[in-house]
Amino acid sequence: MVYVLLLVALASIAAAAVLRHYLPLLRHHGLPKGSFGWPFIGETIGFLHAHPSNTAGGFLQEHVAKYGTVFKSHLFGSPAIVSCDEELNHFVLHNEERLFECSYPGAIRTILGESSALVVTGERHRQIRSMFLALVASTGLKASYVASVDESARSLIASWSGRKTISFCEEARKFPYKVIMEQVLGLPHDGPVACRILEEYQIFMKGIISLPITVPGTPFAKAVKARKRISETMEKFIEDRKRNPSKQSVFLDVLLANKDLSHDDKVAFLLDSLLAGHETTSVLLSILVYFIGKSPSIIDQLKKEHEAIRATKGKDEPLTPDDYRKMEYTLRVINEGLRCGNIVKLVHRKVLKDVTYKGYVIPAGWKVLPILGAVHVDASHHLEPEQFQPGRWEGLSQPAGKSFAPFGGGLRLCPGSEIVKVEAAFFLHHLVLNYRWRMDEEDVPMLHQYVEFKKGLPIQLEPISG
């Protein structure tokens, strides 16, 4: 009898779960075509399956072919509308806080913290974003910042002297980290505090791209603990800074003087700065080295442009903002790297009230996922989209409009997008003038939630004499 009752109870729970999973389909009419997958998991596992960054991946390709560029699904525990449509993506991004609201899965909130700019909304988001805009204004194309970027790129590439092979991903992470430590915190990048933060940050990043399993010992659980230790280190450093102000003026002083942000907000801001500035630049550099390394003609054209810039300067004279403005072909290469790399594959939004779009109903309370990367590799917008072709950007001062959104858009457009391009351009300047390279092993950039090179992108270096 007990077993019978137990079976009845389990059956009732299963039936309730199935009903809860499919009930949204019964409540709403006029939805786009699509599938909710299986109860509990929906279609999340297939959606997260890794694929080369310059493709949309099997899941999206199959669903778009079957249902169209806008379809319904059940992802991350919620009913969702998935958009591979450039117009709908633009509409969602530019109606933030009116029709849609930032809404990332609980696992992301857990690992980033409730004060992260990625997850906060409304007035708090505006306050934190204003600090990012202030950070950009304090660096931007200012001479001191540009000189720091140039010196960081020069010193890292000089450190490869005598080395035949390197793990490029590991090396690429050193470059923006040095700039952030010095320009934002006023810390020597190789000092004890900076080294401690970097060590914990690497654990943190491994957790971000892992499955959100909180069992002790898993990458996700380790990342949550690493973030706490980073926060504690940041808090101690902030308190020390307040007691012993530095004579060197850095952005940290601007942050500490802000009265609108809480102490937790300021600590989260510093961690966000690492995530946005450090990870975006280092991943972009790895993507560029991968694709450029497969095309000698692109390397030759880059080298020609940078030789012309270097010819106007002394041997060790640093690059300037004016030099950056001359790097026209380099910027086309960078834009193509952003398109093929798809560092930001998608964004998460929640629908605040029922929206009707092109005859479809997008219900309030559902998630809507604009897949920015799918548009970047859509043949109807970009000819031969899987090919790395910088020439497609020639003559475009503002590349591609709605069909190119590597830094998001609307109220959440990344304020540091130009900084990322400056750092990448200066790094390429010193790289192509000093080395040729080839892949030591095939290591394709794979995209799941973030871009990853499974082997760390090992490359063989060949110094350029003279």
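The largest cavity in this predicted model is lined by Ile180, Met181, Val184, Leu185, Met234, Leu270, Ser273 and Leu274. A cavity here is a set of points, on a 1 Å grid over the protein atoms alone, where a 1.4 Å probe fits but cannot get out, and lining residues have an atom within 4 Å of a point. Residues are numbered from 1 along each chain as its sequence is written. Local features need pLDDT of at least 70 and side-chain atom pairs count only at pLDDT 80 or more, while totals for chains, interfaces and linings use all residues; side-chain values use heavy atoms, without hydrogens and water.

**The cavity**
- The model has 1 cavity of 30 Å³ or more, and the largest cavity holds about 30 Å³ of space, a volume being the space filled by probe spheres set on the points, which are joined across faces, edges and corners.
- With 4 residues, α8 gives the most to the lining.
- The lining has 7 nonpolar, 1 polar and no charged residues, where Ala, Val, Leu, Ile, Met, Phe, Trp, Tyr, Cys and Pro count as nonpolar, Asp, Glu, Lys and Arg as charged, and the others, Gly among them, as polar.

**α12 and α17**
- The axes of α12 and α17 (residues 417–434) come within 10 Å and cross at roughly 45°; axes are lines fitted to C-alpha atoms over the stretch in contact, and angles run from 0 to 180 degrees between N-to-C directions.
- That angle makes α12 oblique to α17, as angles under 35 degrees count as roughly parallel, over 145 as roughly antiparallel, 65 to 115 as roughly perpendicular and the rest as oblique.
- The crossing is right-handed, meaning that the near helix is turned clockwise from the far one by less than a right angle.
- Residues in contact (heavy atoms within 4.5 Å) include Gly277, Leu284 and Ile292 of α12 and Val420, Phe427 and Leu431 of α17.
- By class, this contact has 10 nonpolar, 3 polar and 1 charged residues.

**α7 and α8**
- Helix α7 (residues 143–158) packs on α8 at about 150°, with the axes 9 Å apart.
- The crossing of α7 and α8 is right-handed.
- Among the residues in this contact are Ser144, Tyr145 and Glu151 of α7 and Glu171, Lys174 and Phe175 of α8.
- The contact of α7 with α8 has 6 nonpolar, 5 polar and 5 charged residues.

**α13 and α15**
- Helices α13 (residues 296–310) and α15 (residues 328–341) have axes that come within 8 Å and cross at roughly 140°; the two are therefore oblique to each other.
- Ile298, Gln301, Leu302, Glu305 and His306 of α13 meet Glu328, Tyr329, Thr330 and Val333 of α15.
- These residues divide into 4 nonpolar, 3 polar and 2 charged.

Note on methods. 1 Å grid on protein atoms, 1.4 Å probe; cavity = no way out; pocket = protein on both sides within 12 Å on 5 of 7 lines; lining within 4 Å.
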